[in-house]
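Dear colleague,

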Amino acid sequence: MNLLSAENISKSYSEKELLNNINLGINEGDKIGVIGINGTGKSTLLKMIAGAEKPDEGRVIKVNNIQIEYLSQNPYFDPEATVLVQIFKGNSPIMALIRDYQKALQDPNTSSERIIKLSNDMDVMDAWSLESEAKSILTKLGVLDFNAKVGTLSGGQRKRIALAAALINPSDLLILDEPTNHLDNDTIDWLEQLLNTRKGSLLMITHDRYFLDRVVNKIVEVDRGGLYSYEGNYSSFLGKKIERQEMESVHDKKRQSLLKKELAWMRKGAKARTTKQKARIGRYEDLKEHGTDIAEDKIEISVGSSRLGKKVIELAHVNKSYDKDKLIEDFSYIVLRDDRVGIVGPNGAGKSTLLNIIAGELAPDSGSREVGETVKIGMFSQETQHMNDELRVIEYIKEVAEYLTTSDGSKITASQMLERFLFPSAAQWTPIGKLSGGEKRRLYLLKVLMDAPNVLFLDEPTNDLDIETLTILEDYLDEFPGAVLTVSHDRYFLDRIAERIFAFEANGQVVEYTGNFSDYKEKTSIRKGFSGDVKGSHNVEKAPSTKEEQTTDEFSHHKKKEKPLKFSFKEQKEYEEIDDVIARIEGQIEETEKQIGETAADYTLLQQLVVEKQGLETQLQEKMERWVFLNDLADKIEAEKKNK
């Protein structure tokens with residue numbers, strides 16, 4: 001059944017057209033993810049569907065008595081309300097009753113007769129279970145003081161309260177704008193499971209690609225004023241968008257290549273995303289981009305970086321506490337030139353504190369920090385309050401440099417670099433205060449990278465950045481010739497860039513795990529399964545060794561002796577030849593793309609070449625999947641030999 005239809009919707013702000021005559025239908029059971037570059041109108045679309053804003057043209061038609069719950073990016077809070085009163089903000093009779101009951105409990109002048117009457121009403125309407133569920137959801141979201149005044153809480157806590165309010169109120173359509181911001185990894189896992197089991201339709205904006213892949217059954221992309229719908233999850237969208245772009249423009253190869261990288265990544269699975277195989281998977285990711293045209297709306301990061309010497313940053317026996325809470329205990333680590341470190345842990349554990357200490361932004365209580373002479377730090381923090389809203393976009397960037405040396409040694413102006421970051425000439429004179437939150441984050445990121453750092457510190461870089469910007473940031477980090485340390489709750493981002501995980505565990509202890517986020521989750525689940533809990537450490541303790549993991553594996557298989565791993569004759573031959581086979585297919589794709597570029601006027605031949613290219617790419621995908629299997633098997637065979 002159709003719940004809601006947006007018909008012929010148009011919306012503009014000043015001279016900027018966001019949406020032009022778009023249509024969208026939402027049916028029962030739809031779980032829709034909305035994606036698109038920051039500033040294209042995603043949040044505006046959600047506001048119009050929720051009824052918080054009106055379109056310039058068109059209309060939104062809703063079925064009678066539809067219940068809609070909406071979590072905006074900047075929800076309203078009553079600073080004097082308690083957490084529970086804020087939660088029960090709905091207009092339904094049961095919500096009004098629970099709200100009255102909570103207010104009565106907080107008011108010392110409330111008579112006992114009034115409390116008894118409200119309690120009886122709660123019994124009649126079975127409101128106690130709803131209150132219990134609200135407390136359970138708040139606890140899961142890390143909000144434990146139900147009677148605290150909302151005005152005394154942090155911005156992240158208030159956003160989680162608003163999320164709890166949207167989840168607890170019964171609705172036919174739940175609308176969420178960036179629900180995973182300010183949530184840690186475990187809480188995102190919980191929210192993912194909750195939304196998968198929840199009845200009712202869902203419409204949400206999120207940059208979390210794993211979240212999209214596991215929750216939604218439809219993707220809606222906002223692109224240059226239009227709306228494009230794709231059935232399926234995020235992986236399905238990537239493949240279908242490539243097909244759409246190939247039909248729209250055979251010259252837009254660079255953008256297609258980045259999408260193919262991401263699609264390959266999603267298809268490989270966590271096992272193929274290990275540190276050892278990341279460089280090998282790059283063979284597939286490099287789809288011969290020579291001689292391509294860049295789309296007008298393409299972001300590209302190609303800035304250079306400063307030379308980095310042997311000594312980077314060394315920390316010894318660092319400790320940090322706030323009040324009586326021990327955040328970091330006896331932490332020691334030497335940052336290496338090619339480090340890719342992800343820092344994870346619950347909200348409030350001290351992740352940003354650790355990052356700021358390593359970066360030199362915060363002093364430890366005790367311990368030492370030494371920095372190499374050639375180190376040039378780039379710090380991308382969570383907040384953008386330091387940006388002067390009165391400055392114009394180009395003035396803000398020119399504070400760093402008028403010109404920029406790119407990775408290939410050429411020079412481009414600040415204005416040209418802004419265009420690559422989706423700030424066309426007219427927009428470059430816009431005051432920063434008029435930009436969206438995501439546009440501010442994109443501008444801030446450009447300023448950090450333009451300063452050509454050789455050590456990057458990223459504190460929650462995925463918050464408010466659109467997926468396309470994140471994809472290209474990840475691509476940039478692949479080639480970045482220095483150390484990268486990041487705090488992030490984005491599982492995809494951590495899988496994509498991290499080769500080492502620092503995990504905050506009990507009592508300020510930080511444990512190091514080799515590999516990316518999926519490797520870390522697998523190892524911690526094994527440890528919890530066999531030891532009952534994860535043990536902490538002083539310093540950066542190594543996670544379980546290979547030998548320990550083998551012991552666990554043997555135990556789980558009842559210590560059965562297995563035959564030694566080895567290639568069959570056919571597999572050995574295939575393993576020896578597969579690199580050459582892949583290179584040959586890549587060459588054929590490159591030649592076909594060249595012919596496509598030269599045959600734009602001959603539509604019949606062009607169609608034949610596009611079909612031929614699609615066939616070659618299917619072959620390449622199959623060979624790459626086979627390549628991953630064979631190399632994984634070769635690694636296991638080699639490891640087995642070493643352990644004998």
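A salt bridge here is a side-chain nitrogen of Lys or Arg within 4 Å of a carboxyl oxygen of Asp or Glu. This is a predicted model, in which local features need pLDDT of at least 70 and side-chain atom pairs count only at pLDDT 80 or more, while totals for chains, interfaces and linings use all residues. Residues are numbered from 1 along each chain as its sequence is written, and side-chain values use heavy atoms, with hydrogens and water left out.

By that criterion, R500 and D339 are joined by a salt bridge, at 3.6 Å from N to O. Because R500 belongs to strand β19 (residues 500-504) and D339 to the loop between β11 (325-335) and β12 (340-344), the pair ties together parts that are 161 residues apart in sequence; helices (H or I, at least four residues) and strands (E, at least two) are DSSP runs, numbered from the N terminus. D339 is buried, with a relative accessible area of 2%, where buried means under 20%, exposed over 50% and partly exposed in between (1.4 Å probe, protein chains only).

The structure holds 27 salt bridges in total. Another one pairs E370 with K311, whose closest N and O atoms are 2.7 Å apart; since E370 lies in strand β13 (residues 366-371) and K311 in the loop between α11 (275-285) and β10 (313-322), this pair ties together parts that are 59 residues apart in sequence. E370 is partly exposed at 41% relative accessible area, and K311 is partly exposed at 40%.

Best wishes
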